[in-house]
Every structure is written in C-alpha cells, then in structure tokens.
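Please read the points below alongside the structure shown here.

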Amino acid sequence: MFVTYLRRELAGRRKQTAIVAIGMALAIALVIIVNAVSSGVQLAQSTVLASVYGVGTDITVSETPTAPTEGEAGAGGPQNFDFGADDGATTDGTTTVSQSRLSVDRGTTAFDATALDTVSGIDNVSAAAATLSLSNTTFDGALPDFSETGGMPTGGDAAAGGTPPSGGPDGAGGSSFSVDSFSVLGLDPADEAVGPLSTVSLTDGRSLESSDAGSNVAVLDASYATTAELVVGDTVAIAGTDFTVVGLVTASSADAATASNVYIPLDVAQSLSGLTDQVTDIYVQATSSTDIEQIQADVETALPDATVQTQSDLASSVSGSLSSASDLVKNLGLWLSLIVLAAAFLIAILFTISGVTRRTREFGTLKAIGWSNGRIVRQVAGESLVQGLIGGVVGIAVGLAGILVINLVAPTLTAGAATTDTAGPMGMPGGGGGFGQAAVEAATSDIVLQVPVTLSVILIAVGLSVLGGLLAGAIGGWRASRLSPSEALRSIA
Amino acid sequence: MYELTDVTKKYDQGKHSVTALNKVTLSIPDGQMVAIQGPTGGGKSTLLQMLGALDRPTDGTVQLGTSDLSKLGQGPLGEIRAREIGFVFQGFNLIPTLTAQENVETALAPLGVPSAERTARAAAALESVGLGERGSHLPAELSGGQQQRVAIARALVKEPAVLLADEPTGNLDEQTRDEIMDLLEGLWRDRGLTLIVVTHDSAVAKRAQRRLLIKQGVVKEIS
C-alpha cells in the first residue's frame, strides 16, 4: 500500500513533484559542479606544486638561512677565489689561472644529515630523501705575466718614455676573466619515490643507481647538456674533478625547485663540497594525507631549527588565474551552493507543508479508518524522500553534464608558484631550496582545468537529496501527525 | 453495543465554550439501524464522532462493547476504528489519486492484511456494491453515487461491527439516494451490522428501526 500510494501521489501531483525535484536538482547540480571544480582547481594546484616541489612530496624540511660566519662552508655566503703568486701557468707572457668551487647556494643553509634519520623515524612517514643543493662556480682568468713586466702595469704613458705593456690575452697587457656557474644536486640514488628524482624523466643513458654511491658519475639536465655541448659518455668538471656523464634527464618543470643542471651522488657531493654529512633539504612523504599535520608538528618538535612546510602551506604560493579560480570556488561557489541548497530545502519543506494542508481531509479520512500517525508520517516522509531523490538523480545528471561541458571547454588557467632560482650565466634554473626557501621568483605556467568526477561527489549529492527529502518529510509528517481526525473532518464539513 | 452515559462535549471558542452534547445517555444494541436527525449545529456530527471513536467526550463515558472510548488514547482508538468501525461520509472522502480498488484497500492497510488477500477482499467488496468492473477507475472518473458505493465498500471491506454514515446521501439525487440506502439497508440486514445514519432527510430516516432527534446537544427518541 505504501509504495502504491506513494507512486500514485507523486504521479497524481506531478506539478508539485516537478517543482520540488527541479529545485532540489538545481541545488544538487550546483553543489556537484562547485565541488568538482574545487577538486579540479586543487588538482591543478597539486600539478603546479608537484612540478615545482616533486611528486609525492608532502612535506619539505630545510633550515632558515643565517648570516655566514667567516670560513663557514655550509652557510651559502659569498664566494671568494684566492690565488697565490705561483698559481697558474704562464705561456707567452700570459698567465692563466683557474679555480672551481662547489658550495652551498646563497640563501641555503646546510644542516646535519642525521636530521634525515630523525625525520624517517617519525610516525607515519612513508619515505624521506635528503639532498644537498650546491652551486659549482668556476673562475677562469688570463692576465699578463707580471714577472716579465717587472711588476704591475702602472698605466704609464708610452709617449712619456715608459715601457709599453705586453703579455696578456690581447698581447697588450690586458686581462680576461670568466665565471661559469651551474647547479649541482647531490642526492641519494636509491631514493626515487620522493624528492628530486621523482620530478625528472630520463631522456638518454641511465639514471643514477644505488651502486653509483661514491662514484664520480653525473646525470645532466638535458637542456643544460645541450647548451654545454655535453652528451652521455663525456666528462664534466665539478670542483676540479671530472665526472662521467651517464645520463640525461628532463625535469617535469624547468621551474621545479628540485631541478638542477647536474645530479651527482650525495656522498660525492658532500665530499667535494667539504660538507661531510650535511644536507640542505629533506623531502618527506606521508603515509596518508591525514597524517601530514601530525608529521609537520613532530618534525618541528624534533628539529626546532628547521623550517617545515607542507603542500597546503604551498597552496598559498600559487598565484595567477588558478588562484583566482580557487578563490572564486571557495567564496562565491561555496556560498552560492549553500544558498541554493537552503532555498531548495525550503521549497521542499514549504511544498510538503502546503501539500499536507491541502490534504487535510485525506489524512483525516485515513485516520478515521484507522491509519496510525506513524503510518501517515511514513507516507508523507516517503513521498518527500522520493521527490528529493528524483531531484538528486536529475541534479547528478545535470551536474555531470555541467562537468562534461567544463571538461570539453577545458579552460586554461595561469598558475604561478614562487620558487627560488639561482640561474647561472647560462640562464639555467638552479636547484635548491625546499618549501621554506625565500621565494625570489614566481614562475608561471598554463594549466588546463580538468574537473574530476569522484564517487565522493556523487555520494554527497545523494546524501543531500536524501537529507532534503527527509527534512521536508519530517516537518510535513509532523504536521500531518498533529491533525486530529475529528477536526480534520470537521474542517472540511 | 453502545452505552453512552452522561456524555457531554464542549468546544472552546475563544472566551466562550459551546456545548455540543449535553449529558447524553443512550444505549444502542448490536445490529440496530438508527437514524439521527436534527437541525444544523444540533450536535449530530459531534455525537457521530463520539460513537466513531474520533473524539473523546469532555465528560461521561462512551462504551463500545468492552471498550470505554472516553478513556482510551489515540493509538487504541485508532485500532478500534481500524477493526470495528466503518465510516461513510457525505463528501465520500475518497483519496483522489488512488483507484477505486486502492481506495478500498486503504481500509485494510492498518490491519496488516497481506497484499494478495487485500486485493481479493477489496475486489469482493467492490463487487458487493456493484462496482466490480470499476476497480481501476479514479474517483474523478466515477459518478457521485459510484463514489459513495466505493466509500461504502471501503467501510465494509474490513467487516466492521458498526457502520457510521454521516449524511451518506446528502450529495446525491433522489434516485441515487434511494439506491444507496437500498444498498446500505441490504448490507445491514445481510451482515448484522449496527448501522447509524445521520441525516436531514426524513425519507432516509424513516428506513431506520429507531430514530433519534438531537437538538441543542440533547437527544430524544422519535416515536
């Protein structure tokens, strides 16, 4: 009887059913679209962040830079090249000097590598990798042999009877200097799940392997290799030591904070830079996204001097139209959804109450022939619930259609993420820096917004339609249950 | 059997109180056909509501069989209405969205009758009022007389002990009125019902074994 009555009522009162269902459908569709777009924007943000900070990296740990003390190796201070009187080689009156240094990027601070063990030992950390972000700077100079000229050129006037300058690269006492710099990232080849290696793809040769630890082998960024005219099998000099190029890789984004010109084994980098057992960044992957805040707090407790940043901290660094879309979804979309949802619920409730009022005689009659309050309440609630569900189904269909349209239109959003950049003379992006590094450049990229359809969105829609139906049904049913059969019948007599 | 003792019913209307029934004492034996007549506002419908367990008196007792209707809560009163009392209303009071068959079935729903049995009993009830072929029709597709027949079938399908009819022919023409009264009278005789009919129509009242006049809340026998 329940089903028959319900079916007949909904079919017999199509107008009311349609109005309630349409109201609910609009609200549900809007909620679905706003929710899905929000997910899409978050995905876009994640894409931007992943390309910058590494796939799977939930947390980065670095140390806030401090003013370097004299002679401190790991402080990333200014670099000096000191030459003694006997340095260099002299040929044809020209002395050439060359010196190469491998040191921490300016703005980056190295810290004890035992921090990696500390972080790895924290609950719910599934993976952690440490890197040493360095910069290799080579100074080359050619200058006149001062021993031949008897001292520094005085700038004397030849016309006044002085000896004209000689030697040097131009043969006239001149000098020539060049400074070449490229970024070097020391990493543990075994850590591929998280950190820098997760952001690169191999284009030639091979990647670094666990067996490369302690070996002078390097993997180059493909773009850097092109400009430096290096290929697999060549050698590249780092801090005066030759490294065999074993592979070329391409970073997922040239703007990636983890991107580097050269990648070498961590232990070799530490040894060459004099930063034994030192690292500059630790990349952490959490077991679950729900653990990230707890891990962040634990790391901050365990490493009080560390700067610990999560992906959510980073989201605020995303700018551009993607950021505007995010704000729009968070603000206007959310409130619009809530308002429409509230309006839909209100419409459903008012129509249900109106329906109960209109059906006073009907319910009075049913009570007179013995229907209990519970049976009548169930009937009214059931009708409202089905109206809500019809609205929910239509709303899901409309919402999915809306998502399809958005995905077909595929709007392009501009996104920027603040990154550190230690671009060398060749214009290559330098590595270095975790989330906590000082942002010096906002790299931009275009992201095509793709709105995902998730089960949770559908479940939310169904849940809301059920809630709306039950709410209207409960209120309508309560009103119907309060009808006295005698008064209900008298009121229509 | 009904036993009403000093039944008083008052309605509050703002600052005033209206007495619809004033110390009514009445006995109606099982199987009797009673007609209740009286002017509008005299208390006919109120008395019918007391007899039908739709309302409780302000004072006095209403005994139906072993049940004191004046002391029962809404739940037990509803069960008594569901099992023992059938109603026929002047305005038919059919559910407009349900078919004739389904309208009759609504009377069996609170009794927990299984679906198949419900269908069969409702069809038989419609057959008994001459509407066996009209079960699939909506009320709007039936004439007034047919709608009242459906209402009678709904009242009788649960085989009640008492049938209360409130102006059952009030909305019908003379010929249909007679047909309906013939039907009610026939069912009363066949089933041994207690049939209580509230009516303005003397022609209808004259068919009853016993006639009561209610005026200003006081009941008198009409000889």
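A residue is called buried when its relative accessible area is under 20%, exposed when it is over 50%, and partly exposed in between (1.4 Å probe, protein chains only). At 5% relative accessibility, B:Asn93 therefore counts as buried. This is a predicted model, in which local features need pLDDT of at least 70 and side-chain atom pairs count only at pLDDT 80 or more, whereas totals for chains, interfaces and linings use all residues. Residues are numbered from 1 along each chain as its sequence is written, chains are lettered from A and ligands numbered from 1 in the order in which they are written, and side-chain values use heavy atoms, with hydrogens and water left out.

**Overall composition**

- Helices (H or I, at least four residues) and strands (E, at least two) are DSSP runs, numbered from the N terminus.
- Chain A contains 13 helices and 17 strands, and 48% of its 493 residues count as buried.
- Chain B contains seven helices and 10 strands, and 55% of its 223 residues are buried.
- Contact means heavy atoms within 4.5 Å. Among contacts with a separation of 6 or more, residues 24 or more positions apart account for 84% in chain A and 71% in chain B.

**Interface between the chains**

- The contact between the chains involves 25 residues of chain B and 22 residues of chain A.
- About 2000 Å² is buried between chain B and chain A, 60% of it on carbon and sulfur atoms. Buried area is the accessible area (1.4 Å probe) that two parts lose on being put together, summed over both.
- B:Asn93, B:Ile95 and B:Thr97 provide 24% of the area that chain B buries against chain A, more than any other three residues.
- B:Asn93 lies in the loop between β6 (85–88) and α3 (100–105) of chain B, and its phi is near 55°, a positive value in a residue other than glycine.

**Nonpolar cores**

- A nonpolar core is a set of buried Ala, Val, Leu, Ile, Met, Phe, Trp, Tyr and Cys residues joined through side-chain atoms within 4.5 Å.
- The largest nonpolar core has 51 residues, and the members that touch the most others are A:Phe363, A:Leu366, A:Trp371, B:Val104, B:Val150, B:Ile152 and B:Leu163.
- Apart from this core lies another of 46 residues, including A:Ile59, A:Ile122, A:Ala128 and A:Val284.
- Leaving aside residues up to four places away in sequence, A:Trp371 touches A:Met1, A:Tyr5, A:Leu366, A:Ile376 and A:Gln379 in chain A, and B:Thr106, B:Ala109 and B:Pro110 in chain B.

**Helix α10 and annotated spans of chain A**

- Helix α10 (residues 360–368) of chain A is largely enclosed by the rest of the structure, because eight of its nine residues are buried. Among them are A:Phe363, A:Leu366 and A:Lys367.
- Just after α10(A), A:Gly370 has a positive phi of about 110°.
- An unreviewed UniProt entry lists residues 17–37, 332–353, 385–410 and 453–475 of chain A as "transmembrane region". Such annotations may be inferred rather than shown by experiment, and UniProt positions are given in the numbering used here, with feature names shortened.
- Residues 385–410 of chain A are 96% helix and 0% strand, with end C-alpha atoms 36 Å apart.
- Residues 453–475 of chain A are 91% helix and 0% strand, with end C-alpha atoms 33 Å apart.

**Sheets of chain B**

- Two strands pair if DSSP finds at least two bridges between them.
- One open sheet has four strands in the order β2-β1-β4-β5 (chain B), with antiparallel pairing. Its edge strands are β2 (16–28) and β5 (67–68) of chain B.
- Strand β1 (residues 2–13) of chain B is joined to β2(B) by nine bridges, and the bridge partner of B:Lys9 in β2(B) is B:Leu21.
- Another open sheet has six strands in the order β6-β7-β8-β3-β9-β10 (chain B), with mixed pairing. Its edge strands are β6 and β10 of chain B.
- β6(B) pairs with strand β7 (residues 162–166) of chain B in the parallel sense over four bridges, and B:Phe87 has B:Leu164 as its bridge partner in β7(B).
- B:Gln216, in the loop between β9 (210–215) and β10 (218–222) of chain B, is exposed, with a relative accessible area of 69%. Its phi is near 50°, a positive value in a residue other than glycine.
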